Amino acid sequence: MAETVFTPSLEGMKHVKAENGVILTKPFLDVCKQILPVLDKFGAAMALVKTDIGGNITRLETKYSSDPSKYEHLYSMVQEEVQNKTAKGSSSCTNGLLWLTRAMDFLVELFRNLLEHADWTMTQACTDSYTKTLKKFHGWLASSSFTVAMRLAPNRDKFMEVISGTGDINADIEKFCTTFSPFLKENHEFLASVGLDDMKAS
C-alpha cells in the first residue's frame, strides 16, 4: 500500500470522536504522537517544538492513565481543573492541552504553506506559520530561540522527498490539514468557553 509519513495519523483521525461527537482523549493524543516522526525529518529546526509537544502529550497521558474511564473525554480533565481552580497552573493539563493545540496549529499552518507556496523556502514557510500561530503567545526568549531554530530548517525538496514515502504527499498533506483543523478549532472553542484560550507563556 502506498504510504507517506502522514498515513498513521490520517488513519488515527477516524477514531478521534465518539459516536456522540465528543473528542476522545487517547485517540486524540495518539494522532498528535503519530505526527512526531514527521518532525524528526526536520532535524534540529523542530527539536524545540518536538520536545514541547512530547512533554504536553506525556502530561495529558499520565492524567488519562490515572483513571481512563473518568478522563475518557478530552475536556474532562480541563473541566475538573476549572472546578478546582488549578487550570491556570503552569503544570496543569489545561495548560498542556492549550500548548499542544497551539503547536499543532503551527504544524497545520506550516504544511498548508508547503502546499500553497511552492516557491517558498522551508525557513519562509516555518517563519510565516510561526508568526500566524505561536508567536503572539511567546515571550521574547521563546520567540528568539524559535527564530534561530527556523534558520536550521532543512532543504525543502529534500524534506518533501523524505516525507513522501511511496504515497501522494500533497494529497495526504491536504487531507491532514483539512481533517485535523476542526479538532483544533474545537479545542480552542472549548478553552475559550472556560476563559482559558489566551494564556501566554510565562
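Begin by selecting Glu-109 and Arg-112, whose side chains form a salt bridge with N and O 3.9 Å apart (a salt bridge being a side-chain nitrogen of Lys or Arg within 4 Å of a carboxyl oxygen of Asp or Glu). This is a predicted model, in which local features need pLDDT of at least 70 and side-chain atom pairs count only at pLDDT 80 or more, while totals for chains, interfaces and linings use all residues. Residues are numbered from 1 along each chain as its sequence is written, and side-chain values use heavy atoms, with hydrogens and water left out.

Glu-109 and Arg-112 are 3 residues apart in helix α5, so about one helical turn separates them (helices, H or I of at least four residues, are DSSP runs numbered from the N terminus). Glu-109 is buried at 18% relative accessibility, whereas Arg-112 is partly exposed at 26% (buried means under 20% relative accessible area, exposed over 50%, partly exposed in between, with a 1.4 Å probe and protein chains only).

Beyond its neighbours within four places in sequence, Asp-128 is in contact with Asn-113 and Trp-120 (contact means heavy atoms within 4.5 Å).

Two further pairs can be selected from the 12 salt bridges found in the whole structure. Lys-26 and Asp-30 meet at 3.0 Å, N to O; they are 4 residues apart in helix α2 (residues 25-40), and are therefore separated by about one helical turn. Lys-70 and Glu-80 have their closest N and O atoms 2.7 Å apart. Because Lys-70 lies in the loop between α3 and α4 and Glu-80 in helix α4, this pair ties together parts 10 residues apart in sequence.

Return to helix α5 (residues 93-116) and select Arg-102. What is the nearest side chain of opposite charge to Arg-102? That side chain is Asp-197, 5.1 Å away, and the buried Arg-102 has no salt bridge (Lys and Arg count as positive and Asp and Glu as negative; His and the chain ends are not counted). Residues touching Arg-102 include Leu-134, Phe-137 and His-188.

Now display the largest pocket, which holds about 520 Å³ of space. Among its 24 lining residues, Asp-52, Trp-99, His-138, Ala-142 and Ala-201 are closest to the centre. Elements giving two or more residues to this lining are α3 (47-66), α5 and α7 (140-150).

The second largest pocket has about 180 Å³. Its lining comprises 13 residues, with Thr-7, Leu-10, Glu-11, Asp-172 and Lys-175 nearest the centre; α1 (7-12) and α9 (169-193) each give two or more. Pockets are found on a 1 Å grid over the protein atoms alone, as open sets of points where a 1.4 Å probe fits, with protein on both sides within 12 Å along at least five of seven lines; lining residues have an atom within 4 Å of a point. Grid points are joined across faces, edges and corners, and a volume is the space filled by probe spheres set on the points.

Select Asp-172 in helix α9. It is buried, with a relative accessible area of 9%, and touches Thr-4, Phe-6, Thr-7 and Leu-10, not counting residues up to four places away in sequence.

Finish at Lys-85, in the loop between α4 (76-83) and α5. Its phi is near 55°, a positive value in a residue other than glycine. Most residues other than glycine have a negative phi. Lys-85 is exposed, at 75% relative accessibility.
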